[in-house]
Protein chains: 2
Amino acid sequence: MISRFDFGSPIDTGAVVRQLPVSGGSVPYFALSREDHALCFTLDLAQDDIIFGLGEANRGINKRGHLYASWNIDDGLHTESKNSLYASHNFLLFFSKDRTFGAFFDDPGRITFDLGYTKTDEARIISENGDLSLYILESESLGAIAGDLRRLTGSSYLPPKWAFGYIQSRWGYKSEEDVRRIVSEHRRRHIPLDGVCMDIDYMDDYMDFTVDPAGFDDLHRFCGEMAEAHAHMIPIIDAGIKEKKGYEVCDEGLENGYFCTYEDGTPFVGAVWPGRSYFPDFLREDVRAWFGAKYHRLLDAGVDGFWNDMNEPALFYSENGIRKAFAQAERMKDMNVGIHEFFHLREVFADMANSPDDYKSFYQTIGRRRIRHDKVHNLYGAFMTRAAAEGMAAHNPDRRNLLFARSSYIGAHRYGGVWQGDNHSWWSHILLNLKMLPSLNMCGFLYTGADIGGFNGDATEDLLLRWLQLGVFTPLMRNHSCQGTREQEIYRFSLQNQMRDIVTVRYALIPYLYSEFMKAALSGGCMFRPLAFDYPDDETACRVEDQVMLGGQCMIAPVYQQNARGRYVYLPEDMLLVRFRSASDYDCFPLEAGHHWIELELHEMPLFIRRGCVIPLSRGGQWVDAVDSTDLTLLGWIGSDASYMFYDDDGLSTQVGLKDGLTEIAVKSNAQGTQAFGEGLTLHAGRLITD
Amino acid sequence: MISRFDFGSPIDTGAVVRQLPVSGGSVPYFALSREDHALCFTLDLAQDDIIFGLGEANRGINKRGHLYASWNIDDGLHTESKNSLYASHNFLLFFSKDRTFGAFFDDPGRITFDLGYTKTDEARIISENGDLSLYILESESLGAIAGDLRRLTGSSYLPPKWAFGYIQSRWGYKSEEDVRRIVSEHRRRHIPLDGVCMDIDYMDDYMDFTVDPAGFDDLHRFCGEMAEAHAHMIPIIDAGIKEKKGYEVCDEGLENGYFCTYEDGTPFVGAVWPGRSYFPDFLREDVRAWFGAKYHRLLDAGVDGFWNDMNEPALFYSENGIRKAFAQAERMKDMNVGIHEFFHLREVFADMANSPDDYKSFYQTIGRRRIRHDKVHNLYGAFMTRAAAEGMAAHNPDRRNLLFARSSYIGAHRYGGVWQGDNHSWWSHILLNLKMLPSLNMCGFLYTGADIGGFNGDATEDLLLRWLQLGVFTPLMRNHSCQGTREQEIYRFSLQNQMRDIVTVRYALIPYLYSEFMKAALSGGCMFRPLAFDYPDDETACRVEDQVMLGGQCMIAPVYQQNARGRYVYLPEDMLLVRFRSASDYDCFPLEAGHHWIELELHEMPLFIRRGCVIPLSRGGQWVDAVDSTDLTLLGWIGSDASYMFYDDDGLSTQVGLKDGLTEIAVKSNAQGTQAFGEGLTLHAGRLITD
């Protein structure tokens, strides 16, 4: 059951696809209070209450005990202190033996989630806008509630199948030659690869929808060449449009008034990579149609996907901000600068980026309402993604394209995926990567992954190898890093063979991962779940923070500590440990429910398959299209019977349905041996362990 | 065996107290190479090599796999990326089945320790000075090597016994009234307490050895009042001396040429809390004598200890640095600032603090040699500590005083303790706190602890409670936090009773902790050790990163994850788990060697006692002097016999010897029951578990 409660004048965020009547009753669970304009929802927490949700957010799978703020921000230092990241996913699941419900705060402004931070036994959720719709979701289980949210907010984005391949990326590939070398180095070393991301350097002076002629003299020809090497090109598109006469996007935007404006109606200027820039008002349908159509020229050139970046929107500085800083420096330059003035001045320079004042200085239009940006701040990235998705659909409605973005809001999950932002080459960020998976899935974002190896900072090879062992399972499996950091393509490292072997596991698993992804997407389910979704009565399982359920059959538990040669794992039920070294080199160990120490050398990664389940493993391939999804080896620990509902399709068409894609794989075991059947499939049951 | 190798013209750092002849042979283990002036020591690493050491450093107990730099720095953001903290402890222990040795690089300039970071199988240690003594230490065990280092570098500092009490601190206590309230709030709630730290606000305008008359109109009277409440006052002393005519310390320093100087001989000026400041040249004996004597006036007023801060030395900015920044802003203010210029400008302001150029701009004097500061940078804090310790010894040679510092170098362990620097209210910093304990102990620093609850950032009450559960064991047990953060005195929180109960465990353990500390200090041992010291043949134990050995009888393993209700623990041998809720409320569980999941509710903390060992527990008290160390309950899991060598003394005298303080506690168990004997002790054996 979903109940809707409206407060003030809710802004239409586009998150909801099913318009519900406003409930006449009072809001359950929460006590309400107003503080000036802000609206505060208060809830007592019992000692055992767990809180899931918030999608792409910091800290635990269980969000309890800290403070979070929905305020999309370009801040690349994800320490434990950070309350806001790039996205705002205002969905919470309160869970205990006595009370389980969901709450979606559909409000695009700043919301503070004090989840037992100020007071251990109290949650306080404060909407600064005070204008919002609150949806209370009640159902028989955590999974059912997450499913209800999906029905309320629409089905998740479907990427093409090749987007499950390994993608190499780095801010620093400047030319055809750079990209060509990346692809060829992977190919000649037999490191599987499906795509290369083109970061901001491919553009001409950071102008969206242009290509630097010095680096890429004929993108169409080059995309063709790369397609022959089975490598997809994935350029970046940033939110800001360079202020430059003669630059078509700028000129058209100005002529048609497509950009966000100051209060006086003149276009707002903020500085990002191209320097002084304008920001398309993506909340307007006409602006989205115009901007979305710009993607066509790159699609026509042969690219197969995009990543939308800087769309919080990031602002390095504004005209106002930098003038203020200079004025401050000017005032102080002849003073005997005291300590406190010094710190103030340093902060003026440091805090210029993403300044709250700047976000209050410009306006957008939603419907017929002109609204100050900060009131709808968290929608900017979501509607840029929508613009891109609608543009691509207009280009070819029958073909799925890859699209993922940095900034998002619930609703954007219908249009594209998200990567988990500009993380660091930190071991703790492997764990953060893992924790975000179930949280994002609950909020509808199924196609996701983190920058493997870490974006900021320098990766060590053991870090990259361990991170790849998690990345094997994330739908988006991208190795990405920042200019100026240590180069982190697999082949840069002495352990490249071990890394390559781990990537082969990914390709062996593609039939299974794609099957589980599509089943989740088409049925409104979660591919990744906290253990509590599957074992709500197991108190130990419910509090596990470093293992997550994958699909209907598996649990994952990566190693995320340097120099570790194993890790502890809690099994809520009997499971089969598969310890992979490569697609073809692995051991299987049946393990009983309970606590286990699992030995895992640096080149070994675990997968846990629930007893009674089977999963299919292909022979892998050097790219996704080379993976034969009809020739499958089954893994599992079963009794006499088992089955798996296997989903597959052409990987590209938008016209897909769950039923059309399903094939039942049935396993029967008796004294004569074990046999498996599946229509159109060649199945090898030799790796099944039977009781 | 210790072998000494000299390179270039080693600088006398004061680290070594036993002058060894220079070895004639070639350096074992390392290959040497020169890169310009720098000297590089290279060593191949086998897959199983573990590297311990580096004292107060970031990341693991096992340092392998990352890059560290000895370069003392005031940087309060201890993320995984940070290579340098406040101290430089250039001692490494290489450990594997085939090769175990120690290496002490006695060099006060910048040293880079690339311990399998660039290449997984290679350690490269680079001395920028190229002038150093290298000591290679070889012995039969890790503990013996660490003991040899102590014999080489001298015995560890002995604090007074009261310094093992709970100490409350915060940057923000401004007056007698503030401090009085802190003490009375603890007393009336029966939260044990022994001292309060006075941070920079007690001073008059941040001038060392002055007292703000507005806050403290009669420090002598106030210290007397606090002494009646059994609370010791512990003021801070910073390195920088305010440039101010009429301020005695400044005037005397200028008159006598006691400050560090620019190349031209005029005094160097850098800005710290008091604004423009001078920096005493602590490397000079006459300067130390002068500065050390300044502590007398505060000792005369009744304070019982000091903490020395800002002695890396921290530099917020220099005259040169700020002029350069202003000039840069001036040049750019009328430009159309491009992105790259903007980032450059922002960096100019951000990087002004602790700038390498500034450290190259002034000079110190060591012996008769004038030397550029950067060549001896890492000694500054150590010699300030020495100045303070020598000053206090001159004041009263028979009395131990509390002294701990932020910055240090091996050698300073003879003069004072260290706190682990300006950490954060992060769960990961509970673990970092734990990891530093054995590393610091190896390098001689026994009296240490971290800012419990975290200095920077806002603590949640569960974080503070869990952190106290580790702090119970650290010799320095100080709750400290930064101005502007959430107040984190225990009584601010709803869980204050549980926190208080945990502090009572500390007081119950004081006889044992003091005994183990003094035994380690007087015998050249380590109170805290990696498990590898005690179980070198247990490969699992050797790689444990979140448990450490405490004294001869115990192992500790704190919970350091939010919302956790237990943790995994590896027992290398049978141990007795004592699960404490308070000094008087605890359970004992005999556990077999192996992996265990231990249930630990938020208010419960574990201690593991080796089978066959006993430890004494007192009834506790509200301050250390109230703890009766002669009335002891014994805890342990024993056979028929057991014994414990208990050390105690008057807690204040400097004239102490190991033998004089030891009393044997002997336990005998038979069919008639269990009895314990110890001269002068009342022993309760009721809590002993016998086979």
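**Close-up views of a predicted two-chain model**

**View 1. Helix 10 and helix 11 of chain A lie side by side, their axes coming within 10 Å and crossing at roughly 10°.** Keep in mind as you look around that this is a predicted model. Angles under 35 degrees count as roughly parallel, and helix 10 of chain A and helix 11 of chain A are therefore roughly parallel to each other.

View 2. On helix 11 of chain A, look for A:E461, A:L464, A:L465, A:L468, A:Q469 and A:G471. Helix 12 of chain A answers with A:Q498, A:M499, A:I502, A:V503 and A:R506. What classes of residue make up the contact of helix 11 with helix 12 of chain A? There are six nonpolar, three polar and two charged residues.

**View 3. In chain B, helix 3 (residues 219–228) and helix 5 (residues 285–301) cross at roughly 50°.** Their axes come within 7 Å. That angle makes helix 3 of chain B oblique to helix 5 of chain B. Helix 3 of chain B brings B:L219, B:H220 and B:C223 to the contact, while helix 5 of chain B brings B:L298, B:D300 and B:A301. By class, the residues where helix 3 of chain B meets helix 5 of chain B divide into four nonpolar, one polar and one charged.

**View 4. Chain B and chain A meet in a contact that takes 62 residues from each of them.** The size of an interface is often given as the accessible area lost when the parts come together. For chain B and chain A, about 5500 Å² is buried between them, 52% of it on carbon and sulfur atoms. How many salt bridges are counted between chain B and chain A? The count is two. You can look for B:R565 and A:D48, which form a salt bridge with their closest N and O atoms 2.6 Å apart. There are also 28 residue pairs in polar contact across the interface of chain B and chain A.

**View 5. On the side of chain B that touches chain A, several helices and strands give two or more residues each.** Among them are helix 6 (319–332), helix 10 (427–442), strand 32 (566–571) and strand 35 (594–599) of chain B. Which element of chain B gives the most to this side? Helix 7 of chain B does, with eight residues. The residues on the side of chain B that touches chain A divide into 29 nonpolar, 18 polar and 15 charged.

**View 6. B:K174 and B:D201 meet through their side chains in a salt bridge, at 3.3 Å from N to O.** This pair links distant parts of the chain, 27 residues apart. Find B:K174 in the loop between strand 12 (166–168) and helix 2 (176–188) of chain B, then B:D201 in the loop between strand 13 (195–198) and helix 3 of chain B. Over all chains, the structure holds 112 salt bridges.

**View 7. A cis peptide bond runs from A:E312 to A:P313, with omega near -10°.** A:P313 sits in the loop between strand 18 (305–309) and strand 19 (317–318) of chain A. In chain B, the peptide bond from B:E312 to B:P313 is cis, with omega near -10°. Look for B:P313 in the loop between strand 19 (305–309) and strand 20 (317–318) of chain B.

**View 8. A:D36 has a positive phi, near 55°, in a residue other than glycine.** You will find A:D36 in the loop between strand 2 (31–35) and strand 3 (38–44) of chain A.

Conventions:
Residues numbered from 1 in each chain as written. Chains lettered and ligands numbered in written order. Predicted model: local features only at pLDDT ≥ 70, side-chain atom pairs only at ≥ 80, totals over all residues. Heavy atoms only, no water. Contact = heavy atoms within 4.5 Å. Helix = DSSP H or I, 4+ residues; strand = E, 2+ residues; numbered from the N terminus. Nonpolar A, V, L, I, M, F, W, Y, C, P; charged D, E, K, R; others polar. Buried area = accessible area lost by both parts, 1.4 Å probe. Salt bridge = Lys/Arg side-chain N within 4 Å of Asp/Glu carboxyl O. Polar contact = N/O pair within 3.5 Å; in protein donor to acceptor, adjacent residues only side chain to side chain. Axes fitted to C-alpha atoms, helices over the stretch in contact; angles between N-to-C directions. Parallel < 35°, antiparallel > 145°, perpendicular 65-115°, else oblique.
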